[in-house]
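This report describes how parts of a protein chain are arranged. Please look at the sequence and the model first, and then read on.

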Amino acid sequence: MTHALHPGSGSGSSASASASASASIRRRQFWAASSLFAVMGLHTGAWTVLLVDLSHWFGLDLQTLGTFMTLACVASVPVQLAGGWLSDHFGRRPLLFLGLVGMGLTLTLLTVARSDVVAFSVFALMGLFGGILDLGVNSIGSDYESHYDVPVMTQLHAGFSGGAIGGALFVALGMGGLGWDFRIVYGIDALLLIAFGVLALLLPLSGRVTKPEGKLRGGFAELRKLTVVLPASLLLALYFFSDSAIENFSSLYLRDLLKGGVVVSAVGVAGFYFASFVGRLCGGAIIRRHGEALLVRIAGLGMFAGIILIVTGGSPVVAAAGLLLFGLSEAPVAPVGFSLAGRATADRAGLAMAVVSAISFGAYSLSPLAFGVIASGSSYQVAFSTLAGTALLIFFFGFSRKAGLSGAAPVFTSRRQ
């Protein structure tokens, strides 16, 4: 009787239930993506702090350490390009599984031997599997943005920063508080990565909005279609060149040169990632109110000021303050770059992410080599000073009208429309 008297009530109830179910699916997909970003961040935070112990364990000087990192990242570039092409065919889950499980198994190599061959193998495999995981996770973020037409990459990257905070503080607790050997921390990290690699096969993930138009032929035929992502690639290259130097050498700087100790170093690195966490949350708010262009300009100036503090600070406290400012400022740049790439081409999002990731990893890999050579030949301060130039280039990028950055009235709509 109720339905007979009110014919619209049944359909309204059904629509409401459908909307509620859709919202629930959307929330689960968001938190699934966030958890993957967070796990990747947790590993990165621990890896950054323990890089000092790892280099001492294998007896690597700064130049050798930088060379190993560079060769490892360069070797991962073709794998990323292939992975992007394959992910557009078969989805993102294989990338997540391979990246997480591969990194977890690689960490177990640290207990095998202390030879140069093992050292290079660790860095090479971590670069390879890390690149695959980075590609898979950022592709998921791009899929979510395209599917729901909302800018969430800054929030997802904030999850990465939150995980990195936990990783750095876990090292401080384990080694500084409980007296663990650094390999115990790596062992726990490895178990977590492998567990999430299996879990990634079950997590709810948002699907691609559109399937590729035409046949995915691979090679240069596909890459030529992705020149639209070059502005995003430039922004990400500038970001990752700076981020790589800070991420890989800040712990060495605080512990070896400024004699800060493992706890001070871990807290300093955790503070850097906390600043990144805050910066990304604030960056998301700035994008919604004022657009991406203003955010990029603010980021460039803040990064420049942070480098000045790092270079001129003669104590761990001042240098750590510089790290905080740098982390706060640079944090939103990466998600902006990935958002630019993701909405530039919706039907080949996997390959687009592979292209920008490959270029980013090129910059990320060049930085340790350049930094290591400069620091070995002169000083940490001179090496860090080179990052001031990249900070200013990011600032001027914010004024480019051809970059595709949203302005004062941001409209986040994929170009597919």
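Helix 5 passes helix 6 in a crossing that is right-handed. A crossing is called left-handed if the near helix is turned anticlockwise from the far one by less than a right angle, and right-handed if it is turned clockwise. The model is a predicted one, in which local features need pLDDT of at least 70 and side-chain atom pairs count only at pLDDT 80 or more, while totals for chains, interfaces and linings use all residues. Residues are numbered from 1 along each chain as its sequence is written, and side-chain values use heavy atoms, with hydrogens and water left out.

**Helix packing**

Helix 6 covers residues 153-177, and its axis comes within 10 Å of the axis of helix 5, at a crossing angle of roughly 150°. That makes helix 5 and helix 6 roughly antiparallel. Helices here are DSSP runs (H or I, at least four residues), numbered from the N terminus. Axes are lines fitted to C-alpha atoms, for helices over the stretch in contact, and angles run from 0 to 180 degrees between N-to-C directions. An angle over 145 degrees counts as roughly antiparallel, under 35 as roughly parallel, 65 to 115 as roughly perpendicular and the rest as oblique.

Helix 5 (residues 116-148) also meets helix 4 (residues 93-107): their axes come within 8 Å and cross at roughly 150°. Helix 4 is therefore roughly antiparallel to helix 5. The crossing of helix 4 and helix 5 is left-handed.

**Contacts between separate parts of the chain**

The table lists pairs of residues with their separation along the chain and the distance between their C-alpha atoms.

| Pair | Apart in sequence | C-alpha to C-alpha distance |
|---|---|---|
| V122 and M103 | 19 residues | 9.3 Å |
| L51 and F182 | 131 residues | 9.9 Å |
| A293 and S400 | 107 residues | 8.3 Å |
| P204 and I25 | 179 residues | 8.0 Å |

V122 belongs to helix 5. With a relative accessibility of 0%, V122 counts as buried. Buried means under 20% relative accessible area, exposed means over 50%, and partly exposed lies in between (1.4 Å probe, protein chains only).

L51 sits in helix 2 (residues 7-58) and is buried, with a relative accessible area of 1%. A293 is part of helix 11 (residues 292-312), and at 12% relative accessibility A293 is buried. P204 lies in the loop between helix 7 and helix 8 (219-223). P204 has 32% relative accessibility and counts as partly exposed.

**Salt bridges**

How many salt bridges does the structure hold? There are two. A salt bridge is a side-chain nitrogen of Lys or Arg within 4 Å of a carboxyl oxygen of Asp or Glu.

One of them joins the side chains of D143 and R92, at 2.8 Å from N to O. D143 lies in helix 5 and R92 in the loop between helix 3 (62-90) and helix 4, so the pair ties together parts that are 51 residues apart in sequence. D143 is buried, at 3% relative accessible area. R92 is buried as well, at 6% relative accessibility.

D181 and R183 form a salt bridge in which the closest N and O atoms are 2.9 Å apart. D181 is partly exposed, with a relative accessible area of 33%. R183 has 29% relative accessibility and counts as partly exposed.

**A nonpolar surface patch**

Which residues form a nonpolar patch on the surface? They are F97, V198, L199, L201 and L202, with about 450 Å² of accessible area together. Patches are made of residues with over 30% relative accessible area and no salt bridge; like charges are joined within 9 Å and nonpolar side chains (Val, Leu, Ile, Met, Phe, Trp, Tyr) within 5 Å. Accessible areas come from the Shrake-Rupley method with a 1.4 Å probe, and for residues only the protein chains shown count as cover.

V198 is located in helix 7 (residues 182-199). At 45% relative accessibility, V198 is partly exposed.

Note on methods: Helix = DSSP H or I, 4+ residues; strand = E, 2+ residues; numbered from the N terminus.
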